[in-house]
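Please examine the structure shown here.

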Amino acid sequence: MKKFYSNKLAIFFFTLPALLVFSVMVFYPITQVFVKSFYDWNGLGSGTFIGFENYVKLFKDTVFKLSNKNALIFSLFITIFQITLATVFSLVVSDKRTKGRNILRVSYFIPVVLSVTVVCQLWLAILNSDSGLLNQLFKAVGLDYQQNWLSDRNHAIYVIAFVNAWQWMGYQFALMMAGIKAIPNDYYEAAKIDGASSFMAHRKVTIPLLKETYKICLTISLTGGVKAFTEMFIMTKGGPGNATHTLTYLMYKAAFREFRYGYGMASASILVLQCIAIILIINWLFRDKEKKEGK
Amino acid sequence: MKRFLALGLSLVLTMSLLVGCSNKTEETTTAETTETTTETTTETTTDSAETEEALPEGVLSLEEATLRIYAQYSDDDTKVPYDYAVEQLAIAYPNVKLELEVQAQDDGQKLMTYAATGNLPDIFQVALAQIENFKESGNIMALNDVAKSTGFEDKVFESAKNILYNEDGNIYAFPYAGNEYVVWYYNKAIFEQYGVAVPTTYDELLAAAETFKANDIVPMAIFGAEGWITAAMYDVLATRWDAGGIAKLDDGKGTADEEAYVKAAEMMHTLVNAGLFQESATTSNYDQASAMFLNGEAAMFLNGQWFMTDATATLGENVDWMYYPSYDAASYEAGKAVWSGGGAAAGYAVNPNSEHATLAAEVAAFISEKYCEAKVMYRGTPLVALDVDAEPETEFPAMMEKLQSILPEITSITKFDWHLTNGTFKTTLEDQTKYMLVKDYTAEEFITELGNSLAQ
């Protein structure tokens with residue numbers, strides 16, 4: 001192995017294909033996003049350099065502010081929902097005493113393998129205010145709680161966040177199950193000998209040892225929330241009005257519906273920066289104990 | 001056993017993935033639609049000078065070419081004219097083969113990508129907003145000469161000349177649809193059943209809505225998931241105060257805070273809060289909303305005049321259209337001559353970089369003309385751009401006859417949402433009029449956002 005690492009030429013040739021693909025498919029387009037954000041560009045030709053004008057307009061845009069607020073709500077909602085439920089479910093399912101573990105494990109994961117479009121259509125049918133299952137259910141049990149679930153300007157974003165959280169909770173659940181399985185059984189036996197209850201064992205052993213898993217889960221749900229698009233696009237088209245816009249939707253609208261690609265790229269640049277900031281903050285929060293203490 | 005099962009499943013998934021990734025569908029469509037053309041393709045190629053002299057009857061050119069065409073082909077309204085045009089093309093241009101690529105419902109994104117990558121089809125259907133973009137980047141051919149040489153220009157109705165020429169005086173697309181109209185449909189049977197007279201003023205409209213709601217009938221179905229219809233609804237209201245409607249704002253000749261637009265917004269807010277539309281208005285698509293009207297669950301419906309054929313087929317004599325209600329009797333009468341809708345210089349355009357650009361332009365003109373014929377003959381609409389020598393297969397629906405009879409009285413039309421040229425205003429108008437369907441969204445908020453979009 002040492003001999004391999006000393007062969008710089010081999011390292012160069014083995015990493016070259018991946019580097020090339022990454023540069024062409026990821027790095028170059030992202031660079032272009034930043035470059036084009038300084039242009040007045042309609043998607044064709046080379047555009048006109050206008051400096052920070054797109055950013056000035058963006059920061060004055062009321063929809064930009066709303067999009068950021070929505071992204072924050074969406075991210076926090078799905079993060080809390082998914083991580084809490086995934087933790088509880090994975091702890092329950094990993095317990096050998098739980099009956100029907102296999103069925104539960106598959107059930108929690110089924111929404112993940114479904115197409116987002118299918119899930120959105122399913123929830124659209126359930127949430128329809130005239131004939132939807134949910135309102136009919138309330139009606140059937142005599143509750144006067146008929147709601148315009150997706151037409152309420154203040155709550156539609158929560159409803160959409162719920163649909164996303166419902167679908168992807170299973171993914172976080174699978175990650176946590178894998179994390180729990182990787183914890184040696186000896187730790188639990190030691191905890192049992194020390195008189196720890198199941199709850200205490202999970203608190204003192206399982207959760208702390210799932211730190212890296214939580215880090216991944218947080219990164220996925222927070223960045224996923226900030227760049228949310230699909231559910232809004234399918235279920236509400238960013239509406240009612242622009243009540244469920246996110247930065248990604250704003251970018252899509254500016255670039256592909258208004259042909260203001262420069263403005264759309266400015267929005268995308270902010271999105272990229274937000275995602276990088278989230279990753280850096282999470283890494284800082286989850287840094288090793290030694291680093292925290294400055295050792 | 002398990003291994004075999006897993007292997008089998010993997011193979012099936014891989015195959016389905018490969019099938020999904022292939023462009024078989026596109027090819028099939030092409031094959032189907034060009035079948036007639038291919039059959040009639042002759043193998044002989046002759047010198048063009050000679051062919052001009054010896055063209056068989058009905059044949060316009062023997063030039064050989066395969067042209068890529070990007071066109072709508074999704075429902076009877078688009079399939080019937082296209083198929084008819086291809087059939088006729090096989091006679092007039094026997095050596096021209098069309099490869100159809102079905103237009104995506106994507107706000108023109110695919111066409112933009114084609115233009116950006118230098119891969120535009122030879123002939124493509126284009127909207128006005130894209131023409132402006134393509135003009136700047138040299139992706140669209142000026143068709144003035146071809147329009148003259150083929151006689152297309154002379155066949156355009158005088159009343160439709162506005163949709164032939166671009167603002168700069170050139171022809172960039174061969175239109176086939178004439179000026180079209182936003183029509184306020186109503187179910188006569190429901191109105192009669194509940195003793196409601198056709199409303200002429202907003203007060204009467206609100207009273208009618210109350211009666212229908214009290215009898216579990218949705219006063220008016222709207223497919224609010226689509227922005228163009230909510231924009232049309234707002235335009236219908238705005239034109240009662242200012243005949244310019246949304247077209248005036250798009251042309252930069254008016255501002256959002258003018259009285260007409262404020263009053264229209266306030267009226268829309270009032271109507272929404274009075275429960276004129278169904279509860280799920282903001283998320284209802286066309287199928288859902290039209291089904292409500294056609295099934296008799298809703299008393300009124302807003303759509304283009306092209307809905308007349310389908311409405312008559314389902315509701316028969318029970319369906320009719322009314323003039324748009326207005327704020328008082330006098331404006332109602334005056335407003336009978338002011339309609340929402342219109343046309344634009346859009347249609348079949350040609351890629352100037354096409355290997356067969358001139359031939360493609362001739363074919364585009366030919367197809368547009370045949371579209372007009374098919375629309376008159378098979379789709380029950382006389383509202384086409386060209387004066388074609390075609391008779392309808394069956395009589396026009398009574399509603400169309402009625403509309404046709406009042407066409408000469410119409411003095412002003414606006415624009416359909418998709419004919420607006422200011423992209424930012426267009427999307428804001430769509431989003432904001434959809435927002436107006438929410439009860440607590442105020443007219444002030446609407447006007448502010450509309451004003452912001454016009455200022456950009």
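The following questions and answers treat selected features in turn.

This is a predicted model, in which local features need pLDDT of at least 70, side-chain atom pairs count only at pLDDT 80 or more, and totals for chains, interfaces and linings use all residues. Residues are numbered from 1 along each chain as its sequence is written, while chains are lettered from A and ligands numbered from 1 in the order in which they are written.

Q: How many helices and strands does chain A have?
A: Helices (H or I, at least four residues) and strands (E, at least two) are DSSP runs, numbered from the N terminus. By that count, chain A has 15 helices and two strands.

Q: What percentage of the residues of chain A count as buried?
A: A residue is buried if 20 or more other C-beta atoms lie within 10 Å of its own, exposed if 12 or fewer, and partly exposed in between, with C-beta atoms placed from the backbone. Chain A has 295 residues, and the buried share of them is 36%.

Q: Is helix 4 of chain A parallel or oblique to helix 8 of chain A?
A: Axes are lines fitted to C-alpha atoms, for helices over the stretch in contact, and angles run from 0 to 180 degrees between N-to-C directions. Helix 4 (residues 62-94) and helix 8 (residues 156-181) of chain A have axes 7 Å apart and pack at an angle of about 40°. Angles under 35 degrees count as roughly parallel, over 145 as roughly antiparallel, 65 to 115 as roughly perpendicular and the rest as oblique. The angle therefore makes helix 4 of chain A, relative to helix 8 of chain A, oblique.

Q: Is A:Phe259 buried or exposed?
A: A:Phe259 lies in the loop between helix 13 (247-257) and helix 14 (261-285) of chain A. Although not a glycine, A:Phe259 has a positive phi of about 55°. Because A:Phe259 has 23 C-beta neighbours inside 10 Å, the residue counts as buried.

Q: Is B:Asp216 buried or exposed?
A: B:Asp216 is found in the loop between helix 10 and strand 5 (218-221) of chain B. Phi of B:Asp216 is positive, near 60°, in a residue other than glycine. Most residues other than glycine have a negative phi. Since 7 other C-beta atoms lie within 10 Å of B:Asp216, this residue is exposed.

Q: Which helices of chain B do the buried residues of helix 13 of chain B pack against?
A: The buried residues of helix 13 of chain B include B:Tyr261, B:Met267 and B:Leu271. Two residues are in contact if their C-beta atoms, placed from the backbone, lie within 7 Å. The buried residues of helix 13 pack against these helices of chain B: helix 10 (202-214), helix 11 (227-241) and helix 20 (443-455).

Q: How many of the 22 residues of helix 17 of chain B are buried?
A: Helix 17 (residues 357-378) of chain B is followed by B:Gly380, whose phi is positive, near 65°. Helix 17 of chain B is largely enclosed by the rest of the structure, because the number of its 22 residues that are buried is 18.

Q: Which helix of chain B gives the largest share of the side that touches chain A?
A: The contact takes 26 residues from chain A and 27 residues from chain B. On the side of chain B, helix 5 (109-116), helix 6 (128-137) and helix 19 (423-435) each supply at least two residues. The largest share, seven residues, comes from helix 19 of chain B.

Definitions and conventions. Expected span 1.5 Å × (residues − 1).
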